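Visitor: I would like to learn how to read a few features of a model.
Guide: Then let us take them one at a time.

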Amino acid sequence: MASDSESSDENLRPLALPIGPMPDNFDPRRPPASAEEYLHQVVWEARQCDEVVTVDVAPQKLRRHTNIVQKEEKAAAPQGFTPTLEVQQELMASFSKLRTHIALLRASGKIPKPPIVLPGLKNNEEWCRLCFGNSFQLSLLQKSNQDATPPPLVEGTEPLLSIVLNIKQPGLENLLEWHAQWLEVLGFSAAQGRWFFAILACLEKPLTPESCSQIRHIARMCAKIRSALSSIDHPHLPQLNIIICIVARYFCQEDLAD
C-alpha cells in the first residue's frame, strides 16, 4: 500500500483476521510481543510495497536467440495406403483379445518353457542373432561393401509366446529399444514386424516414459517407411499399418493415428 490512510483500498478487501487500528506508538523495529502486534507489523510491511513494480531489462538480453524445438510430425501416407477406421477397430478387438489371453497365461503361472536358451537382458548382439539369425550382420557387411566371403545364411527365431512370455519387462523394454535402433540402420523387414507385434502384445501398461517414447519413435519411422512405398500391394504395408495402429489406438497415442 502506498498510503497509510485507513480509507485506502485495503478497507475494500475482506479481512481474514479482525485487527484494530495501528497504535500511535507502533515501532516496526521492535519484535512483536503478541499476535495483534504481529498483524500490525504485517500490515505495516504491506504498506511499504509499491502498487506497481517495474524491472529494467538489459537490451542485449532481449536480443538473445532462443532455440525453438519443433514437434516431429508423422509422415503422411499416400492415398489409399491407410486402413479404414472399421478395419482398425477390428484389429484393436483382436489385439485386445490376444492381450487378455497373455494376461491369463501370466496369472495362471503356466507359461511354457522357451525352446531355446535366452540371452542375457543386456546382450544386444545375442538378441540380434536370435531375432534375425545372421541376416542383420550380412546386411551390414553388404552395406559396408566388404569383399570378404559372407557366411551362409542362418535363419532367426520366430517370436513364439513361449519365448516372449519368458522375457521380463525390463528385457522387453531393452528389446524394444534395440529393435528401434536396428530399424534405423537397415529399415523394415517382415521378421522385425513380427517381433514388434509380439513385443507390443506383451508390454505391460502403463508404459514407462522411455517405452512410450520408443513406441512413438517406432510408429513415426514405420509411417516414414510407408510413405516411401511404391505400391499398395507392397508386402510390408500390412505390417506397417498394424504397428502404427496399435501404437496410436491401443496405447493411446492418438496424434499418430491414421
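**Pocket, fold and rings**

Guide: In the second largest pocket, helix α8 gives the largest share of the lining, four residues. Bear in mind that this is a predicted model.

Visitor: How does one look for a pocket in general?

Guide: Rolling a probe the size of a water molecule over the atoms shows where empty space is left. Here, the second largest pocket has a volume of about 330 Å³.

Visitor: How many residues line the second largest pocket, and which lie nearest its centre?

Guide: The lining holds 22 residues, and F132, S135, F136, S189 and A191 are the ones nearest the centre. At least two lining residues come from each of α4 (124-132), α5 (135-143), α7 (169-186) and α8 (190-202).

Visitor: What is the pattern of the chain, read along the sequence?

Guide: The pattern is α-α-α-α-α-α-α-α-α-α, with ten helices and zero strands. Of the contacts between residues at least 6 apart in sequence, 70% join residues at least 24 apart. Buried residues account for 30% of the 258 residues in the chain. The chain exposes about 17,000 Å², and 55% of that area is supplied by carbon and sulfur atoms.

Visitor: How should I read an aromatic pair?

Guide: A pair of aromatic rings is described by the distance of the centres and the angle of the planes. A search of the whole structure turns up five aromatic pairs. Take F26 and W44: the ring centres are 6.4 Å apart and the planes stand at 50°, so this pair is tilted.

Visitor: Which parts does the pair of F26 and W44 tie together?

Guide: F26 belongs to the segment before α1 (35-47) and W44 to helix α1, so the pair ties together parts 18 residues apart in sequence. W44 has 31% relative accessibility and therefore counts as partly exposed.

Visitor: What kind of pair do Y250 and F251 form?

Guide: Y250 and F251 form an edge-to-face pair, at 5.2 Å centre to centre with 75° between the planes.

Visitor: Are Y250 and F251 buried or exposed?

Guide: The cut-off for buried is under 20% relative accessible area. Y250 has 18%, so Y250 is buried. F251 has 5% relative accessibility, so F251 is buried too.

Visitor: Which residues are linked into a cluster by ring pairs?

Guide: The cluster consists of F95, F197, Y250 and F251. Y250 also has K205 over its face, at 4.5 Å from the ring centre.

Definitions and conventions: Residues are numbered from 1 along each chain as its sequence is written. This is a predicted model: local features need pLDDT of at least 70, side-chain atom pairs count only at pLDDT 80 or more; totals for chains, interfaces and linings use all residues. Side-chain values use heavy atoms; hydrogens and water are left out. Rings of Phe, Tyr and Trp (its six-membered ring) pair if their centres lie within 6.5 Å; planes under 30 degrees apart count as stacked, over 60 as edge-to-face and the rest as tilted. Buried means under 20% relative accessible area, exposed over 50%, partly exposed in between (1.4 Å probe, protein chains only). A charge sits over a ring if NZ of Lys or CZ of Arg is within 6 Å of the ring centre and within 35 degrees of the ring normal. Contact means heavy atoms within 4.5 Å. Accessible areas come from the Shrake-Rupley method with a 1.4 Å probe; for residues, only the protein chains shown count as cover. On a 1 Å grid over the protein atoms alone, a cavity is a set of points where a 1.4 Å probe fits but cannot get out, and a pocket is an open set with protein on both sides within 12 Å along at least five of seven lines; lining residues have an atom within 4 Å of a point. Grid points are joined across faces, edges and corners, and a volume is the space filled by probe spheres set on the points.
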